Amino acid sequence: MSDRFSFAVNARDGQARTGVLQTMRGDIRTPAFMPVGTAATVKAMLPESVRETGADILLGNTYHLMLRPGAERIARFGGLHDFMNWQHPILTDSGGFQVMSLGPLRKLTEEGVTFASHIDGSRHELTPERSMEIQRLLGSDIVMAFDECPALPATEESVADSMRRSMRWAQRSRDAFGDRPGHALFGIMQGGVTRELREESAQALTGIGFDGYAIGGLAVGEGQEAMFGVLDYAPGLLPQDKPRYLMGVGKPDDIVGAVQRGVDMMDCVLPSRSGRTGQAWTRRGQLNIKNARHQDDPRPLDEDCTCPACRSYSRAYLHHVFRAGEMISGMLLTWHNLHYYQDLMGGLRDAISQGRLNDFIADFHAMRAGGDIPPL
Ligand SMILES: [Zn+2]
């Protein structure tokens, strides 16, 4: 079906696995973390800088791009890769998640969702067919099926109804996607935190047949324990030989726990968003650069990090530019955060290859438990 899209698992350690997803635009080493380029940019980063952090693939948002600048316009400029100057793989979401978050601004029917743009109030419609068309116009390498993600808390009955609608939409997405060699279509498992519903969803999706499978409906406020509870069994309900993608995750310890449970791909705005609000993620956990303790500190964020922010700038400088509202603050902290996330993924991949994932995870938690370096 997709003759230039393939996935190979090279090593396993417990439930965790490492491998390579091959696409027309290059290889994606798994487990992979995908930075989010919401509006055709990873905020505060040049695409070549994102690449330098070690990212093999970016995520683009159908909802945002269809509203501004419009999928047809991007197609006229040769697709999203050319438009944003990123020639490596791109995964686009289906728009479903963002549309559902619009609350009263949207209307849901069996056909799809109509909604008012958050930008200018104009009316739009998203259906499985339109979502497939938009993602084709964008030229994304990995296309996501159009689904509904119910807002939690929700009754089990409404989660079940929503999951079954998503499975009907998954079939419509598959039909509308057609045969596009070199491009992959991923289905999305739903079912909230109820095992029977997750099983029913996995069965429906594998019956339709996809190039990869996402675990949706998590990281929506249920908490890490409930999320890991689902991840203890959900990856095992999906085909062993296809990639598994956990959408919208997460913090570094969420990522480590998900990889340990058999997840191959993740995305999250967290490293880039935190970079713009003065939050840095390091091996020692999270720190806030605006705190006064950094204002006379000549040391880097992390002396062992090789990113430009840590190689050439002190905590005192990063503190100053954040306080002064200078753009370089968001640029340097985002770079560091993305670099840290990719470093973490590289460490996980190596540990799985070498069969020492448990030791790696123990070190990861021990280092964080020690907290940030003490103030001078
Ligand atoms: Zn750094």
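Buried residues account for 49% of the 376 residues in the chain. The model behind this value is a predicted one, and the description below moves from the overall fold to individual residues.

The chain holds 15 helices and 16 strands. Its radius of gyration is 20 Å, close to the 21 Å given by the globule rule for 376 residues, so the chain is as compact as a globular protein of that length. The C-alpha trace spans about 60 × 45 × 40 Å along its principal axes. Turning to contacts between residues at least 6 apart in sequence, 68% join residues at least 24 apart.

The largest nonpolar core has 109 residues, and the members that touch the most others are Met 34, Leu 58, Phe 186, Ala 214, Leu 246 and Met 266. Helix α14, covering residues 327–353, gives the most to this core, with 12 residues. Both domain 1 (6–268) and domain 2 (275–369) give residues to the core, so it lies between them. Phe 186 shows what the surroundings of one such member look like. Beyond its neighbours within four places in sequence, Phe 186 is in contact with Ile 142, Met 144 and Ala 145, with the run Phe 210, Asp 211, Gly 212, Tyr 213 and Ala 214, and with Tyr 245. Among these partners, Ala 214 is itself one of the core members that touch the most others.

An unreviewed UniProt entry lists Cys 305, Cys 307, Cys 310 and His 336 under "binding site". These four span 32 residues in sequence, yet no two of their C-alpha atoms are more than 8.2 Å apart, so they gather at one spot. Cys 305 sits in the loop between β16 (285–288) and α12 (308–312), whereas His 336 belongs to helix α14. Their surroundings can be set side by side. Cys 305 has 18 C-beta neighbours inside 10 Å and therefore counts as partly exposed, while His 336 has 27 other C-beta atoms within 10 Å and is buried. Not counting residues up to four places away in sequence, Cys 305 touches Pro 300, Cys 310, His 336, His 339 and Tyr 340. With its own neighbours within four places left aside, His 336 contacts Ala 280, Leu 301, Cys 305, Cys 307, Ala 309 and Cys 310.

Most residues other than glycine have a negative phi, and most peptide bonds are trans. Against that background, a cis peptide bond joins Thr 30 and Pro 31, with omega about 0°. Pro 31 is placed in the loop between β3 (26–30) and β4 (32–37). A cis peptide bond also joins Arg 68 and Pro 69, where omega is about 10°, and Pro 69 is found in the loop between α2 (62–67) and α3 (71–76).

Positive phi values occur at Ala 40, with about 65°, and at Asn 85, with a phi near 65°; neither residue is a glycine. Ala 40 lies in the loop between β4 and α1 (47–52) and, with 21 C-beta neighbours inside 10 Å, counts as buried. Asn 85 occupies the loop between α4 (80–84) and β6 (90–92); having 11 C-beta neighbours inside 10 Å, Asn 85 counts as exposed.

Notes
Residues numbered from 1 in each chain as written. Predicted model: local features only at pLDDT ≥ 70, side-chain atom pairs only at ≥ 80, totals over all residues. Helix = DSSP H or I, 4+ residues; strand = E, 2+ residues; numbered from the N terminus. Rg over C-alpha atoms; globule rule 2.2 N^0.38 Å. Buried ≥ 20, exposed ≤ 12 C-beta atoms within 10 Å, placed from the backbone. Contact = placed C-beta atoms within 7 Å. Core = buried A, V, L, I, M, F, W, Y, C linked by C-beta atoms within 7 Å. Domains from an automatic or database assignment. UniProt positions renumbered as here; feature names shortened; annotations may be inferred.
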